[in-house]
Amino acid sequence: MENLLPLFVAIPLAGGFLMPVLGRFFGPGRSSAILPILMVAGVLVLAVRLVLLPDAQTPPYWMGAWDFPIGVSLVADGLSKLVVLLVALISLLVLVFSMDYMTHYTHPGLYYGLFMLLLAGMNGVVLAGDLFNLFVFIEVAGIASYALVAFGTEADELEAAFKYLVLGSIASTFVLVAIAIVYNVTGHLNLAKIAEALRAGGGLTVPIYLAAAFLLMGFALKAALVPFHAWLPDAHPSAPAPISAMLSGLLIKACGVYVLFRLVFAVFAGAEVFGIILVVLGTLSMVLGVLMAVGQWDFKRLLAYHSISQMGYVVLAIGAAAVMQARGLDDAVVALALFGGLFHLANHAVFKSLLFLCSGSVEYATGTRQLKLLGGVGRRMPVTGACLRVAALSISGVPPLNGFWSKLIIVLALVLGGFYTLAIITVIVSFVTLLSFAKVQRYVLGGEPSEATARAREVPFAMCLASIFLAVLCLASALLVLPSVRERLVDPAVAVLKAAVHLPPASDAEPSTVALDAAGRVP
Amino acid sequence: MTLHMLPYLLAFLLLVVGLYALVAKRNVIKVIVGLLIMDYAVNLLLVLVGYRVVGGGAPMAPILTPDLTPADIAARAVDPLPQALILTSIVIGLSVTALVVALAIRLYDRYGTFDTGRMRNLRG
Amino acid sequence: MRGMSLIVKNTTRLVAGFIALFGAYIVLYGHVTPGGGFAGGVIVAGALVLVVLAFGERFSREVISHEVVRASDAAGALAFLGVALFGYLAPNAGAFFANFPDLLGTPGNLLSAGTIPISNLAIGVKVGAGLFGVFLALALFRRRGEQRLMVPDAGRLDSEAQR
């Protein structure tokens, strides 16, 4: 199976190179979507197969048959598998949605080409085993996303894309500076080898702290944590709706939060100071995101601010786990916090994409996204209305949908870890989220049909299908709480993050014989 | 402050100059130039990271000419890995520059100006 | 875009071929001397840009049209991906991007280094075509209201910019 790991990147790349040329033959209709859907379905099949194999059967894949430690590797441990599955599944559904939605735009060939490049970049980030390939794939995904945000080429979208590009490039430059410093200090680029070298060589010295600071700044910007969030409220609403779903549902996770966790735990040995920084960033994002979201009257801008807030939940949970581990608290509590964070990451990907797709359906049918101009959508568009209700209840944390379980677990872990104030803040933020989405539901779904919704009809079948599937996923991913499902999917990821921190300090054994053969994984 | 730290300090100074241009200037083209300066400053930093002089002579480039063996290169030459990183980084910088210049052209078309202070459609 | 004066046109007629040849040399000798696919591709793109600037856009559209540029861009990229996938067939160590050990000649020869010259060629074609395409897209952008000579801007179908 590990021979097929490069295909996660190679298949979407081939699609990205083919689609701009083939788009000319397919014309402006829906048929340009067939080849991308087939390719992403293939990637999804591979991802499912990958997830069903235990970690021992998916060792790192060394490209070009160059071995450890100088080779370039692709690593598929528990954390990567979870995120790869998420990325493949949601990309497929968003593609099905774009089949009809992009008939409102010109040049579908270019759109699908950029979409496949975005997917290739995200897969590459998640599977990368060394630091520089991580950076390269983040850039690939980033450039594709800058172009996709500007796809409509109206004034708003260009301005948003320009701001996003400038801030994203600053982040990438900081990451590259950090890579230069890390290479200077340790002499390696392989993540596992860096982890080894840092533990063996006396731990975290001043240059490593400098590199860590640059890395945290860069990836916090990619993950849109406050105070690095300024690009997100402009970029996510301006993109076409399927791309908003991809950006908010996948990109800030695969290129932002995932890399933060991988670096803080696996590479920098989960020191307490990084945990505290993550806790502070997470809490700030949670609180400020939801406060700024409450006053919004643009549907997609409101959803974008809620993305910031929910990412704060995830980062808070995992930062708290790092702090608890560093202070030596009970192992089960740390595992609970990690599970809560990862569970919420998966849940957010599902219900946030559904929210953006529903907002796209509403915009497709009515032509507006201002809450004050909408109304009575629930009556005119029953399927979209139902899916929107499911998604809004999920994000608000209403049982038995998935949001409730992940938020509950996060609050429980914070209480058990002794962070009582943070737990109270989390509950309050959750309540404000509920209020905000009650407002959305009342203005969009309830009330009398306004003049914009009076001429709305239900959206085409493909868009409905994608929305219904995601709504079913919202209900189904609540099942991740059950032990049998959890052990298959999320526990390996938790184990990767926990084991990396538990790595014992290097004894007198030679570094080359230490059997580290993946990013911080001890067999 | 020893003298051999000076190039590193200059590379960081260049980074800060680029960051200043990016943050403080209102003209879109000046922002693009700031972006370019930042990219090249980091490339310069990567060059410096790979620099290595063995034996007190001049630094040797890692090019395999017929009178050298790979062992010579490994022992004496400048580290070639950062150079590969720099090449990749230059290409990435080129792609981002092409994209941002295309955005700037279209921004001028839509707004009629290059002044970012006047592009305030999105707010709140 | 109109062309330039007679002096420029005559000089370009003499020089552009040599520039392209030099670019091709850098690409083909990429595994022996410094340079390789990217640098050589940039030089080839430079030669093409020189031709377009000197002779005007209408002339060069007959020599190299935008469709050819797009197609060679995609072809170069797919060829590189193909070389990478071809590495799976390498004997007794087949992997993505693997080289073929029995094709490695003596270092320093032109015919050596396995599949690396092919990768260089593919990258050279892609970068040359890609950069030239970038130049065309930037230089031939038509503002709203002017006559459209190239393919219309990507964007919304209902926007007034498409008229």
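## Helices α12 and α17 of chain A

A crossing is left-handed if the near helix is turned anticlockwise from the far one by less than a right angle. In this predicted model, α12(A) and α17(A) cross in that left-handed sense. Helix α12 spans residues 299–326 of chain A, and helix α17 spans residues 420–445 of chain A. Their axes come within 12 Å and cross at roughly 160°. Angles over 145 degrees count as roughly antiparallel, and α12(A) and α17(A) are therefore roughly antiparallel to each other.

On the α12(A) side, the contact is made by Phe299(A), Leu302(A), His306(A), Ser309(A) and Leu316(A). On the α17(A) side, Leu422(A), Val429(A), Thr433(A), Ser436(A), Val440(A) and Val444(A) take part. By class, seven residues of this α12(A)–α17(A) contact are nonpolar and four are polar. None is charged.

## Helices α8 and α10 of chain A

Another pair in chain A is formed by helix α8 (residues 206–222) and helix α10 (residues 241–267). The axes of α8 and α10 lie 8 Å apart, and the packing angle is about 150°. That angle also falls in the class for values over 145 degrees, so α8(A) and α10(A) are roughly antiparallel to each other. The crossing of α8(A) and α10(A) is left-handed.

From α8(A) come Leu215(A), Phe219(A) and Lys222(A). They meet Ile252(A), Cys255(A), Gly256(A), Val259(A), Leu260(A) and Leu263(A) of α10(A). The α8(A)–α10(A) contact holds seven nonpolar residues, one polar residue and one charged residue.

## Where chain B touches chain A

Chains B and A each give 26 residues to their contact. On the chain B side, two elements supply two or more residues: α2 (28–49) and α4 (81–111). Helix α4(B) gives the most to this side, with 14 residues.

By class, the side of chain B that touches chain A has 19 nonpolar residues.

## Chain C

Chain C has five helices and zero strands. Its pattern along the sequence reads α-α-α-α-α.

Chain C contains 163 residues, and 34% of them are buried. Take the contacts in chain C between residues at least 6 apart in sequence: 63% of these join residues at least 24 apart.

Conventions:
Residues numbered from 1 in each chain as written. Chains lettered and ligands numbered in written order. Predicted model: local features only at pLDDT ≥ 70, side-chain atom pairs only at ≥ 80, totals over all residues. Axes fitted to C-alpha atoms, helices over the stretch in contact; angles between N-to-C directions. Helix = DSSP H or I, 4+ residues; strand = E, 2+ residues; numbered from the N terminus. Parallel < 35°, antiparallel > 145°, perpendicular 65-115°, else oblique. Contact = placed C-beta atoms within 7 Å. Nonpolar A, V, L, I, M, F, W, Y, C, P; charged D, E, K, R; others polar. Buried ≥ 20, exposed ≤ 12 C-beta atoms within 10 Å, placed from the backbone.
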